[in-house]
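Subject: Structure handover

Hello,

Here is the structure I promised to pass on. Please open it first, then read my notes below.

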Amino acid sequence: MLDATLSRLIHRRAHIKGPLVLMYHSVADAGPLRPEWPWAVSRQRFREQLDFLRDAGWLTCTQAELATGGPSHGERTVAITFDDGYADNHGACDDLLRRDMKASWFVVSGSVGQPPRWQDPDQPRLRILDAGQLRDMHAAGMEIGSHTVSHARLPTLDDAALARELTDSRAALEDLLGAPVTGLAYPYGLYDERCRTAARDAGYRHASTTQSGWALLDKDPFLVRRLTVYNADTAATLARKLAYAANDVAWSHLLGERAARFLHR
Ligand SMILES: [Zn+2]
């Protein structure tokens, strides 16, 4: 109780330093409340988080709108983003539409409609959204952006390969959607000044990192900060994340161990 009440109090001033961006990956359909993959949230948890945002007065916009100074809702603006483009996000898109919310997807273009063609440890065998699903979501007002062709570690590539990852993925998604693609998310959040410049040269207008903080803290549309959302994030945790613009908002971290123990008595 105290956890929820204090979190709500802290959250009252959450919007005063500017808009925030949330980052999701998989939204696991049925199955357990606690998905095994750390980058997944359950559908049930996702809906709870959306209901919290709506009830707390947060209005959503796309990452393009947020990063490039498009329509602003003023206070309490949040952009919801999804990296990789897992097919289970199609259901998450329905959950958003039912609440009149918008979001942005950063899709690995070389894996559209297939299992991921890149390999990460513990990665579940999920499929990536197919062309029809991406077109549906785009038609419904969602932003579709790029997460490169192959989920590459961009700073490790030579100039030619870097340009190909950025340009080919953008072209493939534009062909698929029949519409401009202006957004990028750096795979693994990895970028450097060369990648940032290459993204701009490839025709993007905004790019997202995985650094936490207020979205536009760096005042640079190619370095948009985002908060990572985990399955364990209750409404109270999410409230504190938005208030502190930080990923680690455990009471033990915020208050020190003794005060946190008192709170949980
Ligand atoms: Zn990714």
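A residue counts as buried if 20 or more other C-beta atoms lie within 10 Å of its own, as exposed if 12 or fewer do, and as partly exposed in between. With 15 C-beta neighbours inside 10 Å, Trp37 is therefore partly exposed. Please keep in mind that this is a predicted model.

Trp37 sits in the loop between β2 (26-28) and β3 (40-42). Leaving out residues up to four places away in sequence, Trp37 touches Ser26, Asp122 and Pro124. I also checked one pair across the chain. Trp37 and Thr237 are 200 residues apart along the chain, and their C-alpha atoms are separated by 19 Å.

Is Trp105 buried or exposed? Trp105 has 31 other C-beta atoms within 10 Å, so it is buried. Trp105 belongs to strand β6 (residues 104-107). With residues up to four places away in sequence not counted, its contacts are Phe82, Gly85, Asn89, Met137, Met142, Ile144 and Gly145. His138 is 33 residues from Trp105 along the chain, with 9.6 Å between the two C-alpha atoms.

**The chain overall**

The chain has 10 helices and 10 strands. Its radius of gyration is 18 Å, close to the 18 Å that the globule rule gives for 265 residues, so the chain is as compact as a globular protein of that length. The C-alpha trace spans about 55 × 40 × 35 Å along its principal axes. Of the 265 residues, 44% count as buried. Now the contacts between residues at least 6 apart in sequence: 63% of them join residues at least 24 apart.

**Helix pairs**

Two packed helices are described by the angle between their axes and the distance between the axes.

Start with helix α1 (residues 2-11) and helix α8 (residues 235-244). They pack at an angle of about 25°, and their axes are 8 Å apart. An angle under 35 degrees counts as roughly parallel, so α1 is roughly parallel to α8. The crossing of α1 past α8 is left-handed. On the α1 side, the contact is made by Asp3, Ala4, Ser7, Arg8, Ile10 and His11; on the α8 side, by Ala236, Ala239, Arg240, Leu242 and Ala243. By class, the residues of this contact are 6 nonpolar, 2 polar and 3 charged.

Next come helix α2 (residues 43-55) and helix α4 (residues 89-98). Their axes lie 11 Å apart, at an angle of about 25°. α2 and α4 are therefore roughly parallel to each other. α2 passes α4 in a right-handed crossing. From α2, the residues in contact are Arg43, Phe46, Arg47 and Leu50; from α4, they are Gly91, Ala92, Asp95 and Leu96. The contact of α2 with α4 divides into 4 nonpolar, 1 polar and 3 charged residues.

Then there is α6 with helix α7 (residues 193-201). The two axes come within 9 Å and cross at roughly 45°. That angle makes α6 oblique to α7. The crossing is right-handed. Leu162, Ala163 and Leu166 of α6 meet Cys195, Ala198 and Ala199 of α7. What classes of residue make up the contact of α6 with α7? There are 6 nonpolar residues, no polar and no charged ones.

**Positive phi**

Two residues belong on your list here.

Thr148 is not a glycine, but its phi is positive, at about 75°. Thr148 lies in the loop between β7 (143-146) and α6 (159-177). It has 26 other C-beta atoms within 10 Å, so Thr148 is buried.

Lys219 is not a glycine either, and has a positive phi of about 50°. You will find Lys219 in the loop between β9 (206-208) and β10 (227-228). With 6 other C-beta atoms within 10 Å, Lys219 is exposed.

That is what I have so far.

Best wishes

Note on methods
Residues are numbered from 1 along each chain as its sequence is written. This is a predicted model: local features need pLDDT of at least 70, side-chain atom pairs count only at pLDDT 80 or more; totals for chains, interfaces and linings use all residues. Axes are lines fitted to C-alpha atoms, for helices over the stretch in contact, and angles run from 0 to 180 degrees between N-to-C directions. Helices (H or I, at least four residues) and strands (E, at least two) are DSSP runs, numbered from the N terminus. Angles under 35 degrees count as roughly parallel, over 145 as roughly antiparallel, 65 to 115 as roughly perpendicular and the rest as oblique. A crossing is left-handed if the near helix is turned anticlockwise from the far one by less than a right angle, and right-handed if clockwise. Two residues are in contact if their C-beta atoms, placed from the backbone, lie within 7 Å. Ala, Val, Leu, Ile, Met, Phe, Trp, Tyr, Cys and Pro count as nonpolar, Asp, Glu, Lys and Arg as charged, and the others, Gly among them, as polar. The radius of gyration is taken over C-alpha atoms; the globule rule is 2.2 Å times the number of residues to the power 0.38.
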